[in-house]
Amino acid sequence: MAYIQIDKNNYIYNLNQLAIKAGSKDKIAVVLKDNAYGHGLEIMAKIASEFGISNAVVIDNREANAIKRYFKNILILNDTTTLNSHFSYTISSIERLKSCNPKSKIELKIDTGMHRNGIMPDELGKAIDIIKRRKINLVGVMTHYARADELDSGYYYQKKIFDEIRAYFNHTGFKGVRFHSHNSSALIRCNSFDEDIARVGIASYGYNCLPDIFGEFNLKPVMSVWANRVSTRRLKKGQRVGYGGDFIAPRDMIVSTYDIGYGDGLPRGDSQNPYTLPNELKIIGRVSMDFITLESTKERVCIISDAKLTAKYFNTISYEITTSLKEAIKRIVV
Ligand SMILES: *Cc1c(COP(=O)(O)O)cnc(C)c1O
């Protein structure tokens with residue numbers, strides 16, 4: 001069976017690099033949403049917690065409940081509020097602010113320019129009125145960058161708006177509220193980190209998504225994906241392989257089938273421009289649901305060793321490559 005190898009030392013190495021950049025381990029919130037970007041929610045939660053991280057971010061209550069024993073606080077990005085002293089909830093609209101449980105821990109999301117979620121800065125007065133009137137337990141104020149990983153001024157523009165909002169909150173008498181805006185790219189590119197926590201996802205898994213011009217920030221891919229040999233056959237020159245017979249053997253050759261396919265989350269791609277594995281072998285013919293063919297007789301082959309390179313191949317981003325890998329695939333920690 002195909003499996004995913006998780007390199008514990010690499011994850012710790014990345015977390016350490018990020019903690020140094022942020023100032024301390026306490027300033028890092030590990031983003032473990034979507035099964036820890038496909039790496040395995042509980043596995044990554046356990047390693048992060050052993051390393052000394054006490055804050056995590058997940059998408060919903062289900063994910064939060066699965067890892068609650070590992071963290072002091074878990075920020076939930078999108079779910080209905082429940083009462084749990086270890087969970088805090090992102091509130092992204094005035095509507096939700098009116099309907100949330102006021103006793104739940106609430107973190108208010110501000111739209112400083114991404115225009116996806118969050119209240120607009122000009123709704124802030126209204127939001128504060130509601131928070132005071134409903135005695136909402138406000139514990140955080142946050143925003144999210146639209147293009148921290150791009151070479152333009154969008155990051156500075158949004159950061160400036162967020163800093164103004166932070167000053168405004170501090171003047172309105174709120175105590176014990178944490179402020180956070182940085183994702184991986186924002187943390188890596190910022191000069192001096194001055195917020196309470198950074199929410200780091202992709203960098204912790206080993207991918208620096210900033211253009212080279214921002215300089216070196218060394219990270220190590222945590223995941224590698226492996227498949228095992230299922231069967232081997234000899235092909236005569238001219239014989240075709242797989243659905244549609246897209247591949248025609250240019251000579252007599254020996255090929256094997258390996259147990260990974262698009263059903264596991266490997267992109268199906270284009271058989272005319274086949275994906276090249278880390279060992280330089282090209283996939284032969286079309287990717288099936290559960291199998292691929294390679295000119296190899298090795299018992300196991302590495303399918304992905306650096307999701308950023310794989311992503312380039314499939315014209316997508318590392319996030320999509322790792323997150324697409326199905327939960328049912330076995331994760332092995334080394
Ligand atoms: C996913 C997410 C992050 C993490 O982003 P990375 O680019 O992976 O570091 C941070 N904050 C929010 C709100 C997110 O949705």
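Reply: Pockets first: a pocket is an open set of points on a 1 Å grid over the protein atoms alone, with protein on both sides within 12 Å along at least five of seven lines. In a cavity, a 1.4 Å probe fits but cannot get out, and lining residues have an atom within 4 Å of a point. The model is predicted, so local features need pLDDT of at least 70 and side-chain atom pairs 80 or more, while totals for chains, interfaces and linings use all residues. Residues are numbered from 1 along each chain as its sequence is written, and side-chain values use heavy atoms, without hydrogens or water.

Me: What volume does the second largest pocket have?
Reply: About 180 Å³. Volume is the space filled by probe spheres set on the points, which are joined across faces, edges and corners.

Me: Which residues line the second largest pocket?
Reply: Among them are M1, A2, D259, F291 and K330. By class, that lining has five nonpolar, one polar and five charged residues. (Nonpolar is Ala, Val, Leu, Ile, Met, Phe, Trp, Tyr, Cys and Pro; charged is Asp, Glu, Lys and Arg; the others, Gly among them, are polar.)

Me: How many cavities of 30 Å³ or more turn up?
Reply: One, in a search of the whole structure. The largest cavity is about 50 Å³. Its lining includes K109, D111, H115 and H144. That lining splits into two nonpolar, five polar and three charged residues.

Me: New topic. What is the strand order in the open sheet?
Reply: β8-β7-β6-β5-β4-β3-β2-β9, eight strands with parallel pairing. Strands are DSSP runs of E, at least two residues; helices are H or I, at least four; both are numbered from the N terminus. Strands pair if DSSP finds at least two bridges.

Me: Where do β6 and β7 pair?
Reply: β6 (residues 105-109) runs parallel with β7 (residues 137-142) over five bridges. I106 sits opposite L138 in β7.

Me: Which strands does α1 touch?
Reply: Helix α1 (residues 8-22) packs on the sheet, touching β2 (28-31) and β9. Contact means heavy atoms within 4.5 Å.

Terms used: Axes fitted to C-alpha atoms, helices over the stretch in contact; angles between N-to-C directions.
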